[in-house]
Amino acid sequence: MKFTLSWLKDHLDTDASVDEIAEALTDLGLEVEEIVNPADRLSGFTLGHVKHAEKHPDADKLRVCTVATDEGDLQIICGAPNAREGITVVVCKPGMYIPGLDITISVGKIRGVESFGMMASERELELSDEHDGIIELPSGEVGDRFVDWLAENDPAKVDPMIEIAITPNRPDALGVAGIARDLAARGVGTLKERDYVPVPGDYKSPIQVSIDDDTLDGCPHFTGRLIKGVRNGPSPQWLQDQLKAIGLRPISALVDITNYMTFDQNRPLHVFDADKVQGDLRVHRAKGGEKLVALDEKEYTLQPGMMVISDDNGPESIAGIMGGEETGCTADTVNVFLESAFWDHVQIALTGRALKINSDARYRFERGVDPEYTREGLEQATQMILDICGGEVSNVVEAGKAPDHSRAYKLNAARVQSLVGMEIPESEQRQTLTRLGFRLDGEMAHVPSWRPDVMGEADLVEEVARIASLTKLQGKPLPRVSEGIPKPVMTPTQRRQSMARRTCAALGYNECVSYTFIDQRAAALFGGGDDTTKLENPISSEMSHMRPDLLPGLLQAAARNQARGYDDLALFEVGPVFHDGEPGDQQTQITGLIVGRTGPKDVHGTSRPVDLYDAKADAEAVLAAIGAPAKVQVLRDGDAWWHPGRHGKICLGPKKVLGVFGELHPRVLQAMDIKGPAMAFTIWPDAVPMPRKSGATRAALELRDLQAVERDFAFVVDANVEALTLVNAAAGADKALIEDVRVFDEFIGGSLGEGKKSLAITVRLQPSDQTLKEKDIDAVAEKIIAKVTKATGGTLRG
C-alpha cells in the first residue's frame, strides 16, 4: 500500500515528520517497507542568478555564464537554449551527484574554457522528462535551497511516498483514510472527519440493476447511478500527481477518480460507458464458456458459477475484479453508469485465482471492504465526478441491501493485564477504541463495519495494546509456582527423545527433519496410504497423506544423496507417525537408516558393507540410553517392509514390542530408488516402561562377589529351527540364575543326516546369595534341556 505525505494530510491534521510517521506506523503493525523522499536527492542543490552570459569563443551553441551563488560568482558553461542573463537557476557545484545523469560532476574544460559546475534541467534532477532547457524559477534568492523553494511553490515534486506492508487481517488499512485513523488513535495527529452528504438525483436512471437469487450470497448489495453530460478529459494536476507518486499512470478523469477512491477509501468502483450498455444490468452467475475481453485487453473464458455483470448483449464485467473493454470509458464518453457494489471475498478470490487476474479491485475485495460504505462511496465518487467532469446525475439505483455484520463484545479492562501484561487505565482503553471507530455502550464495544478482523474480546485487547504500543511492555520474571527447586520443565517423554537424539548423533548419524506429509505410493509401502490419513487440501500430490512411518522420509533423503554421489549414509529422525485420523492414532518413533559401507576404503580392509548387526547394535544403544530393560527378547514376524529373514523385533513379550531392526525389503528399496541393501531400526519410545523411581539419582551399583559358572550344551534340531527360538527357551529355564545365553557353534551334515543341524550354546549362571553346588548346576541343566526340547523338538547331542 503506497501513499504520499500530502495525501495522508488530507485525512490527518499533523505536524509529524516523515520519520515520526514511519516509526508510528511500524509500531502500529503497519510495517513501513520503503520511503521515497525526493528531497533527499535534492538537498544539496541551491539557487543561483545568471549575472552575465556571452557566446563561447569556440562553440556557437555554448554560452559562458557568470552565475551568482552562495559561494560567490562561478563560471559555468551551458548549452541550453534558454541560458541567458537575468534568470534564476538551480546550481550544481563540483562534487555533487546528479541523479538524472548518474554522475558526480567536477571542474572541467569545455573547448578550452573552464566550467565550475552546471545549471540543471528537470530531467537531470529527476523531476520530469523535460530537458529542452535548464530550470527557470520565477522567484527565489541566491543561496536558497532548491528543496525549500519546491516545498513552497511546487510541493508535489518533493512529496514523500511511504509504502507499508498490509497483513491479510487489516483490509481497512488499504485506504489512506484507514491509515490516518490508526495514526490519529495513536496521537500522531487529529483525524479529519468527512460528513456524508448524499447527492440528489435529477431524474430516474434509464439503466436498472437486478441480482439473481442464486447470486445474492456473492453480491448482497449493488448500487449505481447514471451521470449524463460528463467531460472525460485529463484529470486535475493534483490528482495526477497523487496517482503518479504511488506508481499509477493517469488515464482520464473518470478512471483516475475510481483509482483515487480505491486507494483513498478502500472502495473499488467501476464506470460503464452508458451509451454502450444495452438494456439493464444483471448480476448473475456464469453458465460457463462465456468469453469477455477485459480492460487489460485479454480474453477470458468464464467458468460455471463465476459472478458477472451482464447487459442484453452478454457479460460486460467480471464482478469485483475487472471491467470489460466493450463498455469501458474513453475520451469520447459523455454518459456513464457508476457502480459501487459489495462482493463476497471468498468468491472473488476463487474467481481471481481461476482466471489468474491480479487487480487492485480483486486485491481489496478478497480481503474485505466496508459493507456499509457501498452507498456512501457511490455518493462521494459522484460528487468528485460532478466537481471534475460536470454532468447531471440520476437517482440511485439499488439492488439488495448492505449485509448486517454488526457485532459487539464485552470490554474487560482487566484482560489487558492478563493477556498482554500491560497496565492501561480503563478510561484510556475506552478512548482508544472510540478513536478507532468502535461504539461503546456500557461494557459492550460495537465493532465498526470496516474491521472484519475483530472477532472477540481478545481482539479488543489487541487493539488497545497495539495503540498503546507494545514497545512499552516491560519484561517481568514469571512468579515461582512453588517454593524451592522448580520441577523439570521437560516431561519424561521429551527427555527420552532428547537423549535418543544425542545418542544417535554420538553413533555417527545425521538428523533429518522430513515432512509429515508424503505421497500415497510411498505411504502404501509402509502400511498407510488409505483414506483415513488422506489430507482434504494437500499442498501437492506428493504430500497427500500423513506418514505412517519415518522410513519413507529417510529413504527419500538417502535417494537424493545417492543421486549426488553420497553413497555411505547414516540418517535418523525423531518424530510423529499417524495410523488413522484420530488424535489417539499418533505415535512417536525413533528411526535410523544406514546405507553403504561402514567407512571409506583403506589399506587395512576395515571398511565393509553395513549389515543388520550394525542396526541391531545401534538400536540396543538407543534403547539403553532411554532406559529400556537390559533383558529383552528378539522375535520374528515384523512388518512387510522388512526383509523376511533378516530382521528382528525387540520385545519384552510377544505383545510388548519396543523396536525392530534389520534389512529393508528389496522390493521397498527398488520402489524408493535406493541402491544396494539398506539397514534400519525403529524404536517406539512410548512403549518403553517408565522407571519405577522418578528420582534423579542412579540406582546402587550391584557387584556380585560369587563365582559365575558357564556350561555348554549342543542340541540336534531340525534345520528349519531358528537359533533364536533355542536361545529364548534356554534363557527362560531359570530367569533368576541364567544371566546370558549365546550361540557359539552351528554344525550341519556329517552323521546328523538330512534336515538336521547342531546348535551349541553357552549358558552363564550367576548366583546372587550363595555359591552354586554341582547338584544346583545339574538341576538348572535339566531345566534347560527340558525347555529346549519342548520348544524346538530337539535332543541333547551325545
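Author: Let's start with the largest pocket: 36 residues line it, and Val-632, Gln-633, Val-634, Leu-724 and Asn-728 lie nearest its centre. This is a predicted model, where local features need pLDDT of at least 70, side-chain atom pairs count only at pLDDT 80 or more, and totals for chains, interfaces and linings use all residues. Residues are numbered from 1 along each chain as its sequence is written, and side-chain values use heavy atoms, with hydrogens and water left out.

Reader: What is a pocket here, as against a cavity?

Author: Rolling a probe the size of a water molecule over the atoms shows where empty space is left. On a 1 Å grid over the protein atoms alone, a cavity is a set of points where a 1.4 Å probe fits but cannot get out, while a pocket is an open set with protein on both sides within 12 Å along at least five of seven lines; lining residues have an atom within 4 Å of a point. A volume is the space filled by probe spheres set on the points, which are joined across faces, edges and corners. For the largest pocket that comes to about 1,200 Å³.

Reader: Which elements give two or more residues to the lining of the largest pocket?

Author: Elements are DSSP runs numbered from the N terminus: helices (H or I, at least four residues) and strands (E, at least two). Here they are helix H17 (612-625), strand E35 (633-635), strand E36 (642-653), helix H19 (723-731) and strand E40 (738-748). E36 gives the most, with seven residues.

Reader: How does the lining of the largest pocket divide by class?

Author: Ala, Val, Leu, Ile, Met, Phe, Trp, Tyr, Cys and Pro count as nonpolar, Asp, Glu, Lys and Arg as charged, and the others, Gly among them, as polar. On that scheme the lining has 21 nonpolar, six polar and nine charged residues.

Reader: What volume does the second largest pocket have?

Author: About 1,100 Å³. It has 46 lining residues, and Arg-181, Gln-265, Tyr-373, Glu-376 and Trp-450 are the closest to its centre. H10 (374-389) is one of the elements giving two or more residues to this lining, and its five residues are the largest share.

Reader: How are H12 and H13 packed?

Author: Two packed helices are described by the angle between their axes and the distance between the axes. Axes are lines fitted to C-alpha atoms, for helices over the stretch in contact, and angles run from 0 to 180 degrees between N-to-C directions. H12 and H13 (residues 457-468) pack at about 95°, axes 10 Å apart. That makes H12 roughly perpendicular (65 to 115 degrees) to H13.

Reader: Which residues meet in that pair?

Author: With contact meaning heavy atoms within 4.5 Å, Gln-429, Thr-432 and Leu-433 in H12 meet Leu-460, Glu-463, Val-464 and Ile-467 in H13.

Key: Parallel < 35°, antiparallel > 145°, perpendicular 65-115°, else oblique.
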